[in-house]
Amino acid sequence: MSFLIIPIEAVHDRAVCELIEQGGLEFGAVGEGFGPSDAEVKAMSQHYTLPGSAYWVAMLDQQVVGCGGIAPFDQASATCELRKLFVAPRHRGLGIGKAMTEHCLKAAKQMSYQQCYLDTLSTMKAAISLYQALGFDHLDKPFSGSIHQGCDVWMIKQLAP
């Protein structure tokens, strides 16, 4: 099964919103303090147009089966944040999550970020295992300024030049 990772377009917004909201429900990330509740979820294509940010979808048989992106964590550091990376339940195990994460990290390096931060939930065990395998290290607490107070796992990866 072959999938493509392409930049998000407005035509993908509805499917991406459903994918993110479904993932939020599945893993208990519902309500304020969780990424799936962020206002941008309704129209992701409109929120990743500024320099230093990008969002992609994984397409399989002309359907959105995964999504993820990067954006600056803050204006003062060379840190990006891995944002809202989700894979449809029936398409997990095909390497989509790994490919999307690697795609995001490669883009982050090309954008000259020095590190990539993420926050997630301990219920997302497969995702955490993937992030660890890709070189993310656990942090004891979230980065100052993190808006997702409901998350209980924080990780960082140094991006080699």
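Visitor: Which residue in E3 is the bridge partner of Ala-58?

Guide: That would be Gly-66. Keep in mind that this is a predicted model.

Visitor: Thanks! How many bridges join E2 to E3, and which way do the strands run?

Guide: There are 7 bridges between E2 (residues 54-60) and E3, and the two strands run antiparallel. They form a hairpin with 2 residues between the strands, where Asp-61 has a positive phi near 50 degrees.

Visitor: And what about E3 and E4, how many bridges there?

Guide: E3 and E4 are joined by 6 bridges and run antiparallel.

Visitor: Is E3 mostly covered or mostly open?

Guide: Mostly covered: of the 10 residues in E3 (63-72), 8 are buried.

Visitor: Let's stay with E4 for a moment. Is Thr-79 buried or exposed?

Guide: Thr-79, which lies in strand E4, is buried, because its relative accessible area is 2%, under the 20% cut-off.

Visitor: What does its side chain make a polar contact with?

Guide: The Thr-79 side chain makes a polar contact with the side chain of Gln-115, at 2.8 Å. Leaving aside residues up to four places away in sequence, Thr-79 also touches others, including Pro-72, Phe-73, Tyr-113 and Phe-143.

Visitor: Switching to helices. Which residues of H3 are buried?

Guide: In H3 (residues 125-133) they are Ile-128, Leu-130 and Tyr-131. Down the helix axis these buried residues fall within an arc of 160 degrees, so they line one face of H3.

Visitor: Which exposed residues sit on the face turned away from that?

Guide: Lys-125, Ala-126 and Ala-133.

Visitor: What do the buried ones pack against?

Guide: The buried residues of H3 pack against helix H2 (96-110) and strands E4 (79-87), E5 (115-120), E6 (137-139) and E7 (153-158).

Visitor: And what follows H3?

Guide: Gly-135 follows H3, with a positive phi near 100 degrees.

Visitor: Last topic, the largest nonpolar core. Which residues touch the most other members?

Guide: Among its 25 residues, those are Trp-56, Ile-70, Leu-82, Cys-116, Tyr-131, Phe-136 and Met-155. Two or more residues come from each of E2, E3, E4, H2, E5, H3 and E7.

Visitor: Which element gives the most?

Guide: H2 does, with 6 residues. There is also a second, separate core of 18 residues, which includes Met-59, Val-64, Cys-67 and Ala-71.

Conventions. Residues are numbered from 1 along each chain as its sequence is written. This is a predicted model: local features need pLDDT of at least 70, side-chain atom pairs count only at pLDDT 80 or more; totals for chains, interfaces and linings use all residues. Side-chain values use heavy atoms; hydrogens and water are left out. Buried means under 20% relative accessible area, exposed over 50%, partly exposed in between (1.4 Å probe, protein chains only). Helices (H or I, at least four residues) and strands (E, at least two) are DSSP runs, numbered from the N terminus. The arc is that of the directions from the helix axis to the C-beta atoms. Contact means heavy atoms within 4.5 Å. Two strands pair if DSSP finds at least two bridges between them. A nonpolar core is a set of buried Ala, Val, Leu, Ile, Met, Phe, Trp, Tyr and Cys residues joined through side-chain atoms within 4.5 Å. A polar contact is a pair of N or O atoms within 3.5 Å; within protein, one must be able to donate a hydrogen and the other to accept it, and residues adjacent in sequence count only if both atoms are side-chain atoms.
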